[in-house]
Amino acid sequence: MKCIVFYESWQLECCGTPFSIGDSVKWLVDKTEHLNTPVDVGTINYCYEAHSKDWQKLFVLEGKVETIKILYELFRPSEENPRFLIAVDGKMIDAAKAEGFDKDIDNMKSSGYIVLLNECTIRPAKKEEVTFQ
């Protein structure tokens with residue numbers, strides 16, 4: 001089974017573990033139906049989640065990293081509230097690894113990683129596996 005995970009940059013930078021193509025990973029994730037971005041990222045099955053205290057809604061996903069794309073977005077102030085930034089454009093760039101703290105490209109900031117995993121297994125998380133409560 002294959003699946004696609006969105007791994008937010010700030011989560012990797014905060015307390016995540018860098019990963020590369022070919023690595024086997026074991027991540028806590030939650031289900032997602034939509035990623036709020038102007039970039040066509042295709043279908044996202046799960047989002048990496050290392051900060052939710054709602055362990056009953058989390059899953060343990062294991063798989064092997066097949067591809068990594070860095071999602072870059074261009075942000076502008078919202079017309080309704082200029083203090084709130086919204087993504088208005090962006091692009092994805094292929095990468096061999098994800099380490100966080102990616103350099104800006106064309107005035108765009110890295111929002112996260114679109115990661116294709118193969119050989120996936122998924123199961124509900126157990127309370128004792130969610131150590132960031």
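Reader: Why is the contact between R123 and E129 called a salt bridge?

Author: The term requires a side-chain nitrogen of Lys or Arg within 4 Å of a carboxyl oxygen of Asp or Glu. In R123 and E129 the closest N and O atoms are 2.5 Å apart, which is within that limit, so the pair is called a salt bridge. The model is a predicted one, in which local features need pLDDT of at least 70 and side-chain atom pairs count only at pLDDT 80 or more, while totals for chains, interfaces and linings use all residues. Residues are numbered from 1 along each chain as its sequence is written, and side-chain values use heavy atoms, with hydrogens and water left out.

Reader: What makes R123 and E129 partly exposed?

Author: A residue is buried under 20% relative accessible area, exposed over 50%, and partly exposed in between (1.4 Å probe, protein chains only). R123 has a relative accessibility of 28% and E129 has 23%; both values fall in the middle range, and therefore both residues are partly exposed.

Reader: What makes β5 and β8 a pair of strands?

Author: Strands (E, at least two residues) and helices (H or I, at least four) are DSSP runs, numbered from the N terminus. Two strands pair if DSSP finds at least two bridges between them. Strand β5 (residues 59-77) and strand β8 (residues 109-124) are joined by 13 bridges and run antiparallel, so they qualify as a pair. Within this pairing, E62 has T121 in β8 as its bridge partner.

Reader: Which other strands pair with β5?

Author: Strand β3 (residues 24-31) is joined to β5 by six bridges in the antiparallel sense, and V29 has F59 as its bridge partner there. Strand β6 (residues 85-95) is also antiparallel to β5, with ten bridges, and A95 in β6 stands opposite I68.

Reader: Why are F84, I86 and V88 called a nonpolar patch?

Author: Patches are made of residues with over 30% relative accessible area and no salt bridge; like charges are joined within 9 Å, and nonpolar side chains (Val, Leu, Ile, Met, Phe, Trp, Tyr) within 5 Å. V88, which lies in strand β6, has a relative accessibility of 40% and therefore passes the area cut-off. Together F84, I86 and V88 have about 260 Å² of accessible area, by the Shrake-Rupley method with a 1.4 Å probe, where only the protein chains shown count as cover for residues.

Reader: What makes the phi of F101 and of E119 worth noting?

Author: Most residues other than glycine have a negative phi. F101 has a positive phi of about 55° although it is not a glycine, and the value for E119, also not a glycine, is about 55°. F101 lies in the loop between β7 and β8, whereas E119 lies in strand β8. F101 is exposed at 62%, and E119 is exposed at 59%.

Reader: Where does H51 lie, and how far is it from K109?

Author: H51 is in the loop between β4 (46-48) and β5, and at 33% relative accessibility H51 is partly exposed. H51 and K109 are 58 residues apart in sequence and 22 Å apart in space, C-alpha to C-alpha.
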